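Keep the viewer open as you read.

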Amino acid sequence: MARLDGFDTPIFDRTMTPSDQDRNTVRGLIAFLEDRRALYENPDREVTDRLIGSIAQIRQRLSDTLATGELPETISELLKPIRAACRDFLSAAEIGDAEAKALIIPSGPNEVRVLKPKAYFKLKSLRDTAGHNIGLLAVRYGINVEDQVADLIPASYA
């Protein structure tokens, strides 16, 4: 993964260098996303409740992070599409908010559900969206990513 010291802005053709705080925030978010197997594991190898719970965790973490209002726009603009893709997947899988929250930390036995084909398409869309936006975050903030997540990032970002 390529590292950059700054990124171009559309304002006054200037290059901005991210702050250490922003870089650490992005590093923490990427580390969290790297640990979400729903982004890279074959869905046939995942117990469906764990897959859904993992995506619900991503949505919850991004919602909590965005709700603080403390992120610069250069970060939040890349997190919102990932959160929206999580919401789209959960809707396609016909999982309501209460059920999604319960699956974040399941208390009972895991259930294998038969997902509708549209849910699998939304999972692919989520992975594409996450790869694109994680790639942009990694390049903008000079963060290396683990191999499984790096495989989601378009090759043109390297």
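**From surface to core to charged pairs**

The protein exposes about 8900 Å², and carbon and sulfur atoms supply 48% of that area. Bear in mind that this is a predicted model. Buried residues make up 43% of the 158 residues.

As for the fold, you'll find 6 helices and 2 strands, and along the sequence they run β-β-α-α-α-α-α-α. Among contacts with a separation of 6 or more, 72% link residues 24 or more positions apart.

Now head inside. Nonpolar side chains tend to be buried together in soluble globular proteins. Here the largest nonpolar core has 43 residues, and Ile 55, Phe 89 and Ile 134 touch the most other members. The elements giving two or more residues to this core are α1 (20-34), α2 (48-67), α3 (73-92), α4 (97-104) and α5 (117-141).

Next, the charges. The structure holds 6 salt bridges. One of them joins Arg 140 to Glu 77, with the closest N and O atoms 2.9 Å apart. Because Arg 140 lies in helix α5 and Glu 77 in helix α3, the pair ties together parts that are 63 residues apart in sequence. Arg 140 counts as buried at 18% relative accessibility, while Glu 77 is partly exposed at 34%.

Lys 124 and Asp 128 also meet in a salt bridge (2.8 Å, N to O). These two are 4 residues apart in helix α5, so about one helical turn separates them. Asp 128 is partly exposed, with a relative accessible area of 40%.

Finally, Asp 35 and Arg 36 pair through their side chains at 3.5 Å, N to O, and Arg 36 is buried, with a relative accessible area of 11%.

Key:
Residues are numbered from 1 along each chain as its sequence is written. This is a predicted model: local features need pLDDT of at least 70, side-chain atom pairs count only at pLDDT 80 or more; totals for chains, interfaces and linings use all residues. Side-chain values use heavy atoms; hydrogens and water are left out. Buried means under 20% relative accessible area, exposed over 50%, partly exposed in between (1.4 Å probe, protein chains only). Contact means heavy atoms within 4.5 Å. Accessible areas come from the Shrake-Rupley method with a 1.4 Å probe; for residues, only the protein chains shown count as cover. A nonpolar core is a set of buried Ala, Val, Leu, Ile, Met, Phe, Trp, Tyr and Cys residues joined through side-chain atoms within 4.5 Å. A salt bridge is a side-chain nitrogen of Lys or Arg within 4 Å of a carboxyl oxygen of Asp or Glu.
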